[in-house]
Amino acid sequence: MSDSLTDSGHSMATMPAMVADMTDSPSPREGTRTAEASQALTASAGATTALLVVLFGSFMDLLDATIVTVAAPAIAQDLGAGDAQIQWTIAAYTLALGAGLITGGRLGDQYGRKRLFMIGLAGFMVTSALCALAVDPGMLIGMRAGQGLTAGIMVPQVFGIIRASFAPGERAKAFGAYGAVQGLASVAGPLLGGLLVDANLFDLGWRTIFWINVPVSILALIIGAKALPESRSASTARLDLPGALLAATGILLLLLPIIQTETWGWTWAGYALLAAGITVLAIFLAYERRLTERGDEPVFDPALLRIRAFAVGLSASVLFFGGIGSYFLTLSIYLQNGTGRTAWETGLVILPYALGSIITSGLGVALAAKAGRTLLITGSLTIAASQLVLWFIVKDGTDPGYWLLALALFIGGLGLGLAAPILVNVVLAGVPGRNAGAAGGVLSTVNQIGGAVGIAVLGTFFFTAVTDSATGAPVLPDYSHALSIVLIVSAALYLITALVMLALPKAAVEHAE
């Protein structure tokens with residue numbers, strides 16, 4: 001499992017999509033089982049075709065999250081979406097993806113990874129089309145959640161299919177190709193998103209960012225039906241669906257009043273929802289503990305929290321990934337609504353972040369086994385520094401121009417490339433081997449949850465500041481002030497993250513499975 005994450009990690013580059021790469025890990029069960037129903041194939045033309053199919057699916061997952069962030073202002077204008085609804089458009093996808101990851105890997109283990117990949121891909125295609133057809137913000141948010149859920153079914157099957165398609169000696173090349181495609185998606189996402197929105201093909205505007213998934217999915221489904229090998233786990237452990245539902249419900253109840261603060265204000269109902277969320281999560285932990293005591297396999301074993309490295313790693317992951325989605329959402333709105341840039345110009349501003357992360361990610365992966373913790377701390381501090389540089393650039397309320405913005409973003413990308421690809425592997429170095437698979441799966445899911453929480457909290461700071469500081473329609477100084485608040489809070493967040501990371505293991509885990 002860990003090498004798979006490492007191989008794919010250098011592709012993390014922009015926005016919430018970077019979190020998706022961390023989730024593209026093997027199912028938590030795969031790391032602890034060796035008995036498979038099918039034998040690995042030798043590398044062949046068929047195996048190469050199978051690889052192309054799963055790469056298409058992964059490419060769309062990462063591309064879609066990136067594109068939507070750039071297109072958010074256009075979506076808001078066309079559908080009349082409020083600030084909270086824009087936050088939900090992003091957060092609904094990441095939350096549902098996290099919920100899907102909890103069960104998607106187990107479903108593939110039991111019912112066949114090809115079957116679940118094809119089901120997830122077909123569902124992703126249908127929900128993409130329904131996103132494109134959305135007539136109001138509510139429909140779009142619901143279909144975005146559907147997209148995330150189907151991606152959560154599809155994504156965990158990728159590594160199992162690669163293992164079933166390639167002999168052990170050929171897998172490194174396959175994982176390398178996977179990482180390269182993910183890197184391409186992270187670079188292409190903001191540019192393609194901006195281009196599609198500005199081009200306004202067939203007068204469809206932002207809707208083309210979802211329509212583009214349909215023909216690609218159809219092609220992948222046709223080829224995949226013939227080329228993908230089937231594989232499943234020999235384990236017969238039952239799916240912990242109640243546990244997954246309890247976890248998703250508890251997190252949703254916690255996020256709902258935070259995102260809706262601007263609309264609802266803080267009333268007794270908001271506090272009641274927070275209390276209900278905490279209660280549901282407590283019930284979830286009790287239920288999971290009971291499953292463990294019966295000898296069943298829960299989606300989350302509470303005993304993992306007693307492992308110091310894992311508990312610290314969870315905190316570090318939530319903090320680290322909590323700042324990413326909100327950062328790019330608020331930056332995109334600042335660039336378009338504040339400075340008046342087009343979606344394409346916004347993509348060009350964000351591009352240096354992707355390039356910076358690609359430059360350093362190879363170095364981070366290469367040195368992870370020797371200096372993993374040092375790289376994580378350096379990466380977090382570099383991100384904090386980049387946000388302080390950007391704060392200095394935008395705080396006076398004028399448009400700083402392309403090159404100053406690009407410089408700050410490039411520095412942030414350098415920091416992300418050092419830390420994001422290896423975070424899970426460093427955490428797993430402190431987890432006993434028998435728990436590594438389950439711990440890795442939980443961490444992948446928590447990365448998604450952290451992103452959604454960040455969008456809820458920092459996004460609310462941003463939109464509240466824009467509204468409060470405006471005497472009429474918000475203008476550039478209002479957006480600059482709001483973004484400055486987010487940048488200061490986010491920089492402090494990454495400084496705290498660096499301190500938390502001091503308690504992580506010194507080096508990343510190196511074992512192959």
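**Note on the helix packing and cores**

1. Of the chain's 513 residues, 59% count as buried (under 20% relative accessible area, 1.4 Å probe, protein chains only). This is a predicted model, in which local features need pLDDT of at least 70, side-chain atom pairs count only at pLDDT 80 or more, and totals for chains, interfaces and linings use all residues. Residues are numbered from 1 along each chain as its sequence is written, and side-chain values use heavy atoms, with hydrogens and water left out.

2. The chain has 20 helices and zero strands (DSSP runs, H or I of at least four residues for helices and E of at least two for strands, numbered from the N terminus).

3. The largest nonpolar core has 104 residues (buried Ala, Val, Leu, Ile, Met, Phe, Trp, Tyr and Cys joined through side-chain atoms within 4.5 Å). Helix α16 (residues 343–394) supplies the largest share of this core, 13 residues. Apart from this core lies another, of 32 residues, including M118 and Y178.

4. L504 is among the residues with the most contacts inside the largest core. Neighbours within four places in sequence aside, L504 is in contact (heavy atoms within 4.5 Å) with A309, V312, G313, A316, R373, L376, L423, V426 and V427.

5. The axes of α14 (residues 308–322) and α20 (residues 476–501) come within 9 Å and cross at roughly 160° (lines fitted to C-alpha atoms over the stretch in contact, with angles from 0 to 180 degrees between N-to-C directions). The two helices are therefore roughly antiparallel (over 145 degrees).

Definitions and conventions. Buried means under 20% relative accessible area, exposed over 50%, partly exposed in between (1.4 Å probe, protein chains only). Angles under 35 degrees count as roughly parallel, over 145 as roughly antiparallel, 65 to 115 as roughly perpendicular and the rest as oblique.
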